[in-house]
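I opened the notebook to look up how this chain is laid out. My entries follow the order in which I checked things.

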Amino acid sequence: MFTPAELLEINTLLTPENKIVILTHYNPDGDAIGSSLGLKHYLRAKGIQAEVIVPNDFPKFLKWMPESKKVIIAEYKRKLAADMVAAADVIFCLDFNSPSRIGLLGDWLVKAQGKKILIDHHQQPEPFDFVYSDTVIPATSQMIYHFIEAMDDEKLVNQDMAECMYTGIMTDTGGFRFRSTSATTHRIIANLIEKGADPAMITSNTWDTNTVSRLHLLALVLGRIEVVNDGRVAILSLTRNELKEFGFQKGDTEGFVNYGLSIAGVKMSAFFMEDLYEDFIKISFRSKDDVDVNQFSRKYFNGGGHINAAGGKSNDSLPGTIEIFKARLIEEDL
């Protein structure tokens, strides 16, 4: 958490007169949007206006959250987003550890003169004016709750905040099943339910909204899943042509990598997908126990994240990338 002195200084910055923006990472997920909107609603409860800006669009299954339709998407409103970042007195940086993680917003953030406040749970954060970094906490949305507590404002938590933070925690913990989920996490979830978060509604809106294209793609992926290294590693993949054939929409492949990890005996799952528009491969890694996919991705695939959940990319072909991956598994004895 921020030090008491830092909290006092941050409190002096949070005034109705100051222009405040909230930024999060490229390809925003449930925790990115949940934490950003949760913070926006908290500031509003204090009488302070803030705007959420994301680098690119986010999945439809997250657009039910309160104020989600007012999120500014920089790829669609480049000048507005750039001007707002440049003019901001305070810039909250949520769920990312480096300007390189926020796409076209990164250069604007580096040049901005406003005070930069990082709240994030990824490893190896870069310097910001204020840094609250904790890699043990499973979701940035939980960190937002802790921040509200530290500001002695827990009494301000309302239904809008509760729904957003609940969604962020639920999605980043895989439905509260990842080992980083703690007793503290569950206590916070209980508090959010008491404040108005409806678990059944949130789960239905977020996870029970499959499109036909998603189900077709999932069937394709599961039909050719490959298990290697004596059953310890699962490999899933999709080509660009397959994405086009089944009418891929943003968010359709969310969670696919977890199916590999559900196989008995598998300790690591990797999902490889050709980008729809550019010539690179997007990679998602998930693992169990002490298999560190964060270090693996950083070392071999220009990525990173958490010990048990990370992402990466490759500029090789899809078959070439998978062969490189298999070779690296042997090198690392995974």
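**Entry 1: the DHHA1 span**

I took residues 238–319 and found their end C-alpha atoms 11 Å apart, with 27% helix and 28% strand in the span. Helices (H or I, at least four residues) and strands (E, at least two) are DSSP runs, numbered from the N terminus. The span comes from UniProt, where an unreviewed entry lists it as "domain: DHHA1". UniProt positions are in the numbering used here, feature names are shortened, and annotations may be inferred rather than shown by experiment.

I noted the ground rules. This is a predicted model, where local features need pLDDT of at least 70, side-chain atom pairs count only at pLDDT 80 or more, and totals for chains, interfaces and linings use all residues. Residues are numbered from 1 along each chain as its sequence is written, and side-chain values use heavy atoms, with hydrogens and water left out.

**Entry 2: strand β9**

How many residues of β9 are buried? I counted 7 of 7 in this strand, residues 268–274. Buried means under 20% relative accessible area, exposed over 50%, partly exposed in between (1.4 Å probe, protein chains only). I then checked the two faces. M268, A270, F272 and E274 are buried on one side. S269, F271 and M273 are buried on the other.

**Entry 3: neighbours of β9**

I looked up the pairing next; two strands pair if DSSP finds at least two bridges between them. Strand β8 (residues 233–238) runs parallel to β9, with 6 bridges. There, I235 has A270 as its bridge partner. Strand β10 (residues 281–287) is antiparallel to β9, and 7 bridges join them. F271 is bridged to S284 of β10. β9 and β10 make a hairpin, with 6 residues between them.

**Entry 4: the DDH span**

An unreviewed UniProt entry annotates residues 19–169 as "domain: DDH". I found the end C-alpha atoms of this span 28 Å apart, with 36% helix and 17% strand.

Q123, Q124 and R179 supply 39% of what domain 1 buries against domain 2, more than any other three residues.

How many salt bridges cross this interface? I found 0, taking a salt bridge as a side-chain nitrogen of Lys or Arg within 4 Å of a carboxyl oxygen of Asp or Glu.

Note on methods. Buried area is the accessible area (1.4 Å probe) that two parts lose on being put together, summed over both.
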